[in-house]
Amino acid sequence: MLIEGHDDQKLRRVGARIKSRVDQASNAADGARGGSSQFIPALFYPAGNSDYAQALTLKRALIEKHDGKSLEEVTPGTELVTERGTCYRVQTEARVGIHTIPPKQAKERLLSDFKLLPGIRETTEHALKERGYRSIADLVEHDRFGAQALHFLELVETRNSGELIEWVGRRFPRSYPLALQTSGFYTPDQLLFVDVESLGLFASPIIIIGVAAAVDETLTVSQYVARNVGEEPAALAALLSHVNASTALVTFNGRAFDVPFLEQRFAYYRIHGNLQRAHFDMLQFARRRWRGLTPDFKLTSLEKHVIGARHSDIPSALVPEFYETYLRTKNAGPLLAIIDHNRHDLIALAHIFSKICEG
Amino acid sequence: MFSRKVAHTEVLSARDPIFARTADEIAPSVQAYLRKKGIRLYRHQIEARAALREGKDIVIATPTASGKTLAFNVPIFEKLDREHNATALYLYPTKALSNDQLKALQELELISGVRVNPSVYDGDTPPHKRPKIRTSARIVISNPYELHHVLPWHYKWQRFLANLKFIVIDEAHVYRGVFGSNVALLIRRLQRLCAYYGSEPQFVISTATLANPIEFGEKLTARSFTLIADDGSPRERKYFILYNPYADGIGKRSAHQEAKDLFLLFMRNQLQTLCFAPSRKMAELIALWAKNEAKESTPLLADRIAAYRAGYLPSTRRRIEERLRSGSLAGVTSTNALELGIDIGGLDAVIMAGYPGTIISTWQQAGRAGRGQDESLATLVGFHDPLDQYFMKHPSALFGGPHEHAIIDLSNEYITLGHVLCAAAELPLRLPDDAAYFPGLLSESLEELQRQGLAEDTSNGWVYSGRGRATEAVPLNALSSQIFKVLCEGRLLETLDKTRAYREAHSGAVLLHEGETYVVEQLDLTNRIVSVSKKNVDYHTEPMKTVDLRIVKELEKRAHGALVVSFGIVEVVEQYVGYKTLRYDQVVGIESLDLPPLRFTTMALWFMVPDEAVTHVANEQLDIGGGLHGAEHALIAMMPLHVMCDRWDIGGVSTTCHPDTAAPTIFIYDGFEGGIGLAEKAAELIAEILTVTRELVAECSCDVGCPACIYSPKCGNDNKPLDKQAAIVVLEQLANMASATSNR
């Protein structure tokens, strides 16, 4: 007979223990990423790093401002009904002219770099060019390199950017500018800028999927917001409505993060979506282009140093905390801040892409 | 000089091989392999093949070196030959075993011509090789730790999982107790994903001899098993000697010294010998002593002796294994690292310096002796503690006694909740469909996870909604994650976990590595670095520690009849206060240490022993300390069957007066940081446990105690003091109180 304590506390104890372990694991990972989290009091932040304090002030202000208001009231959007349930769509426009690489230039550049063919290094390339070979197209009859040259030429002629990026990636570092040349085979409206906000590391839920596409000088930003964890599949399904056979993806660190994360979530919800396609990850190109010019290669830093200042914003690492506050308080303020953050990231990404393509 | 100390010789008789015919032809590809290797299959191998072909799940429990691996490799290769997409997963408890198995599978692939691309996929697999393995390997060899972290990425393994025909769990007896329960739930998660991708793999469980192989297999995998235990392999005669250094009642030399003497004796008689030692340090010391002595008399022998243990670089270990196989090493001392099936060939002799702690391990280690055509020798050197001495005096406890039960618990909330969390992060969980994977606990687990904000009930099922990686929050085993590096002039010598660093690498400690002595100059706790310098010293060191248990918070108090049992959070504090320096067994100096205590927080149950029992014990002129200690050991021995764990999962402390209770008290605690529900469950069942424990000890036919009652294989105080009669009095009193009419 229990004379002190409560019988129903056992599961509660077990639950509390697992909760603290999950928090520990997520903090350790945040620490490793150099991020921050709600479990580290602002006190421990190095002097001069006021981001955290600023963000908390922002959060309080947002909560006050939007007290008692729903997301639908504070940001115009529509409830989107998909075959995988509903989510909230926020659509906005921004003026961003996207420079792309002219397809003719892309083709010329690709075909003039003989080092793309296996077995050819600088000396061989030099020798071949001395002998009058101008383009990989000229090499198709060559005894030794003909077969590869023909294969490469076919990829260029059919504008198979996906394969070409892989090809360049096998011969050169991922950041090699030639890989970006293949983006010239796409018209601006075929380029889909993608940025994902999530609750945490891999295998945790996605909160917002933001996509942007440009027509003329107008960038249309569509954000699919999960107002609760149950709305995530709808956001995933909505993303797929922007992807067709001719779509290429543009991301910032999407090779390592956004795309595998999305694929994992597709599999989780048994949604058939294929993101294996031409993908231009601007982080790698930005690194090569602006090495030494910015303190780090966060999107916000690039924006500040390359494009111009960014308005007051929440650090990426605080996105989960803001979302959890939103879930807990039902106050739309913190979620609004994440939506703004995501939109700014997409616009910044479009600027960076354009800037690098401009040359 | 030696023979006087032989307490017992058991002759395990020779036996001819028993072959059998297959009902049908073995596939030509696999036959080519068998022919080339000159192998004819034994009866148990044929039985295993037949059962697998009929679609059954099998547990193979034949002895070490009976050809267990071939028993499942043959039918699996045949299947993979017939079905070109079929895949198989092999799970091994260690990376070393995985690599060993890889070689065997590669050879089978090469000779049979069945393309299976066997690949090891574990923490050592370089990232650039991983995608290829996921998309093309048909046999993947891994371990439970890796599998645990791979499952959330199941979509990348779609091809492999959808075609999965076999899951082989080798050395499965390792997965018992809390670790086993974790692995069992990990297997449930894997099965759920297999079902999702449309496969239902057969299971092959290969294990050391257990008391309950079939039940164990069923708990581990939720399948019904056919037992393959009728060994058809041939055996030469084996002599199993119980060697008692303390036969004269005194023992002039320590058991370690005696083990070293036997080791040398065997090697000088041209017997290739493997000597198992109870610790890394002892493995090193016995090798070192043997080398030093051989240098004087038989210098050529000295170079043919080596030590083997965890902590060595993999390449070093491979080299020693290879030299053992080729016969260029005459003798190796080892920790239990060589107990599991690493291929080192058969040896002429095995020495066990001290009882290995379980009957299972004793037979596994003894099984290393025997190479087919010659007689072999296994020797257990008894230590001074009562447990070893009991075996010396009662050989039948070893040779006729039952093997341990391998226990798995699927109803432990602590363990289940963690795996429900992981499963929810792998695929949404649905009720009631998925309840079968987590019997009886799924819905309440999910509700609790929801309360903690870790799971949410959506129209797509229950979804993980936490931020961190679920798998990171769920350890499979009580392994320390704090790793210390041992550096000698900046070069990495080896790595140690935190507890080991405190115990073996405090400043001044002599650290032995591959037969060389290193002296620790500094133990840097902040950066986790042990700086050592190589010095030839003729002494070794032994730490001295105190262990205290402190009650942090009492969470529950339960009345069982008249007995009050408490349950709560405790802290076990180990303080390394100093160390001894020893030359051989002689203490030559004592130094003090200034190390912060090691703190370990866990959950415990405790109860006070009433004054009546103490008075009774005193009146009978018995020892109350020995009585409490004996009662504690016996309770721990009986707990596993009631709370479903392994006895190595629990610890205990008993004291005639504990500062927090001001009374004679017995504590029993979980051996896992934060607690894992064992003491908690025992607190509820204490009346039953006390009743059976009292019966056990009172009815035990031994005089002063034995391994079946109050001797513990893991006692930190060498089973001293112990007083069986006093223990009976204490248990009697407690059991009577607990079963006194409860006022319910």
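Reply: Happy to. Let me begin with burial: a residue is buried if 20 or more other C-beta atoms lie within 10 Å of its own, exposed if 12 or fewer, and partly exposed in between, with C-beta atoms placed from the backbone. B:Glu695 is a handy example, since with 13 other C-beta atoms within 10 Å this residue is partly exposed. This is a predicted model, so local features need pLDDT of at least 70 and side-chain atom pairs count only at pLDDT 80 or more, while totals for chains, interfaces and linings use all residues. Residues are numbered from 1 along each chain as its sequence is written, and chains are lettered from A, with ligands numbered from 1, in the order in which they are written.

Now to the meeting place itself. Taking two residues as in contact if their C-beta atoms, placed from the backbone, lie within 7 Å, 36 residues of chain A touch 39 residues of chain B. On the chain A side, β1 (2–4), α1 (9–33) and α10 (258–268) each supply at least two residues; helices (H or I, at least four residues) and strands (E, at least two) are DSSP runs, numbered from the N terminus. The largest share of that side comes from α1(A), with 14 residues.

A:Glu4 has B:Lys557 as its bridge partner in β22(B).

Stepping back, the largest nonpolar core has 328 residues, and B:Ile286 and B:Leu421 have the most contacts inside it. Such a core is a set of buried Ala, Val, Leu, Ile, Met, Phe, Trp, Tyr and Cys residues joined through C-beta atoms within 7 Å. Helix α14 (residues 333–358) of chain A gives this core its largest share, 14 residues. In soluble globular proteins, nonpolar side chains tend to be buried together. Beyond its neighbours within four places in sequence, B:Ile286 has contacts that include B:Phe263, B:Cys275, B:Ala277 and B:Ala353.

What of chain B as a whole? Chain B has 24 helices and 27 strands, and 52% of its 744 residues count as buried. Its C-alpha trace spans about 80 × 75 × 55 Å along the principal axes. Among its contacts between residues at least 6 apart in sequence, 73% join residues at least 24 apart.

B:Glu695, our opening example, sits in helix α23 (residues 686–699), and its C-alpha is 9.7 Å from that of B:Ala735, 40 residues apart in sequence. B:His616 belongs to helix α20 (residues 611–619) and counts as partly exposed because it has 18 C-beta neighbours inside 10 Å. The C-alpha atoms of B:His616 and B:Ala726 are 8.8 Å apart, although 110 residues separate them along the chain.

Notes: Two strands pair if DSSP finds at least two bridges between them.
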